[in-house]
Every structure is written in C-alpha cells, then in structure tokens.
Amino acid sequence: EIDDVFSMTIEELLNPANIVHENVRLGTNMPAFVSGRHRVWGLTAFILHHFLMEVMLPSILTFRINAEARENNAAAAAAAA
C-alpha cells in the first residue's frame, strides 16, 4: 500500500532516533523508519534496513576511517616539518 510519496535522506535513515522495531505476528520484530508523520514499514523497511546495514554502513565507516587516517598522517607530517 502507498499512502503518500515522500523522501528521506541517508542521514535520516541511519539516524537511530528514526529507526523503530515493531512487534508483528508471532513476536517477530521488524524494522520501521519514521520521519515526521511518515513511516516506512513492512517489506520495504526490511529490504531498506538490510541494504543500509550491509552496504551503506560499512562504506560510510570505511570512508570515515580512511579520512581519519589521512588527517592523522597530514598532522604527523606537519609536526615533523
């Protein structure tokens, strides 16, 4: 079902404040994403959650680690000069 068309940024989707886990049949917890009055739930949220955790989050973390390493190397080079 589609109730409305809206968008969420990657930052919004990865923000823990916007991720809830809803109890569905037989005690299964399913992820859902909330943004204002909008909610992404069901299979869409399930697929999106796995994509974010398996593809986006590792890429973001790798990028941040590499950026920190570059900054540390630059600071060490500046201190040595």
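**Entry 1: Phe46.** I looked up Phe46 in this predicted model and found the residue partly exposed, with a relative accessible area of 34%. I placed Phe46 in helix H2, which spans residues 42-80. I then checked for nonpolar neighbours on the surface: Phe46 forms a nonpolar patch there with Leu43 and Ile47. Together the three have about 300 Å² of accessible area.

**Entry 2: the core.** I asked which residues make up the largest nonpolar core. I found seven: Met8, Leu13, Ile19, Phe33, Val40, Ala45 and Leu52.

**Entry 3: salt bridges.** I searched the whole structure and got two salt bridges.

I took the pair of Arg37 and Asp4, whose side chains meet at 2.8 Å, N to O. Arg37 lies in the loop between strand E2 (28-35) and strand E3 (38-40), and Asp4 in the segment before helix H1 (10-14), so the pair ties together parts 33 residues apart in sequence. I noted Arg37 as exposed, at 68% relative accessible area, and Asp4 as partly exposed, at 31%.

I then took Arg39 and Glu22, where the closest N and O atoms of the salt bridge are 3.5 Å apart. This pair links distant parts of the chain, with Arg39 in strand E3 and Glu22 in strand E1 (residues 19-24), 17 residues apart. I recorded Arg39 as partly exposed, with a relative accessible area of 40%. Glu22 also counts as partly exposed, at 25% relative accessibility.

Terms used
Residues numbered from 1 in each chain as written. Predicted model: local features only at pLDDT ≥ 70, side-chain atom pairs only at ≥ 80, totals over all residues. Heavy atoms only, no water. Patch = residues over 30% accessible without salt bridge, like charges linked within 9 Å, V, L, I, M, F, W, Y side chains within 5 Å. Areas by Shrake-Rupley, 256 points an atom, 1.4 Å probe, with all protein chains shown as cover. Salt bridge = Lys/Arg side-chain N within 4 Å of Asp/Glu carboxyl O. Helix = DSSP H or I, 4+ residues; strand = E, 2+ residues; numbered from the N terminus. Buried < 20%, exposed > 50% of the residue type's maximum accessible area, 1.4 Å probe, protein only. Core = buried A, V, L, I, M, F, W, Y, C linked by side-chain atoms within 4.5 Å.
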